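Open the model in your viewer and keep the selection panel at hand.

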Amino acid sequence: MRPILMKGHERPLTFLKYNRDGDLLFSCAKDHTPTVWFADNGERLGTYRGHNGAVWTCDVSRDSMRLITGSADQTVKLWNVQKGTQLYTFNFGSPARSVEFAIGDKLAVITTDPFMELTSAIHVKRIAGDSTEQTEESVLVIKGPQGRINRAVWGPLNRTIISAGEDAVIRIWDSETGKLLKESDKESGHKKTITSLTKAADGSHFLSGSLDKSAKLWDTRTLTLIKTYSTERPVNAVAMSPLLDHVVLGGGQDASAVTTTDHRAGKFEAKFYDKILKEEIGGVKGHFGPINALAFNPDGKSFSSGGEDGYVRLHHFDPDYFNIKI
């Protein structure tokens, strides 16, 4: 499993996202320029120029026609994937931290950071089929809890929004009324900032990663804790294999402490865990700094990691990884 090293970003990676077909990989970084790559061989196809600050997050529509990106420049932009042109810009009064298209791509959930006197917030925007008809107005704005909301995703059938962030509590909101429906239990929940959240392919459960050196698997509807995966480093990124019962955690210590440690001691590897048995089953080394982003290809045959070192590493699994003939 020799990784493909993808050089293109000048600053640390923040987020990785495959399109639904698994042939394109989108990467976001602190260098203002989201990039799209061929997911098979790591060839850089193009960049999306227009942001004016670190780009924290992105999502791509089901048909791979549109990209949505959220940035520290206090905007969220819609792009034409193929041409790289900007279709629309949503303006906010604070940095945009997380974006996700709803099923059907007619809505998007966006989270914004606390800034000056503004609290964190979750915004739901209607996404027009024709970008010339796109408007700025929000369908719903939920005033968030204390601290930053690092991730907000859609629940089953777009009926709920699941959010998580600095206060270590996972919340489920009604996406029509904005009412708070459920909160994760203080006892069984995370103890420190939740950095990442990813849903299973079928949406029935999701995985959260936290600076408390653990990742947790939750039932999407009931918010019941199913499993906890413990590691010896803060977790910055989590991913779940769509094919096998494998969970991948990425992290390392805080960026500010990195310079003082050797790259082996910094524990900058992606760790694989058995989803059911919670045992560590392997690790993939390579990055010279903490892993900030992880993503599995929807076909489950490859995964990519993005690091503080500015590289994206693309790993195609060997057939014996699956113990099946491919």
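Select Phe272, Phe296, Phe303, Phe317 and Tyr321: ring pairs join these residues into a cluster. Rings of Phe, Tyr and Trp (its six-membered ring) pair if their centres lie within 6.5 Å; planes under 30 degrees apart are stacked, over 60 edge-to-face, and the rest tilted. This is a predicted model, in which local features need pLDDT of at least 70 and side-chain atom pairs pLDDT 80 or more, while totals for chains, interfaces and linings use all residues. Residues are numbered from 1 along each chain as its sequence is written, and side-chain values use heavy atoms, without hydrogens and water.

The search of the whole structure finds eleven aromatic pairs. One of them, Tyr88 with Phe90, is edge-to-face, at 5.0 Å centre to centre and 65 degrees between the planes. Both Tyr88 and Phe90 are buried (under 20% relative accessible area, 1.4 Å probe, protein chains only; exposed is over 50%, partly exposed in between).

Return to Phe272 and Tyr321, an edge-to-face pair with 6.3 Å centre to centre and 80 degrees between the planes.

Next, show Trp56 and Arg97: the charged end of Arg97 sits over the ring of Trp56, 4.2 Å from its centre (NZ of Lys or CZ of Arg within 6 Å of the ring centre and within 35 degrees of the ring normal).

Finally, select Ala164, Gly165 and Glu166, which are among the residues lining the largest cavity. A cavity is a set of points on a 1 Å grid over the protein atoms alone where a 1.4 Å probe fits but cannot get out; lining residues have an atom within 4 Å of a point.

Key: 1 Å grid on protein atoms, 1.4 Å probe; cavity = no way out; pocket = protein on both sides within 12 Å on 5 of 7 lines; lining within 4 Å.
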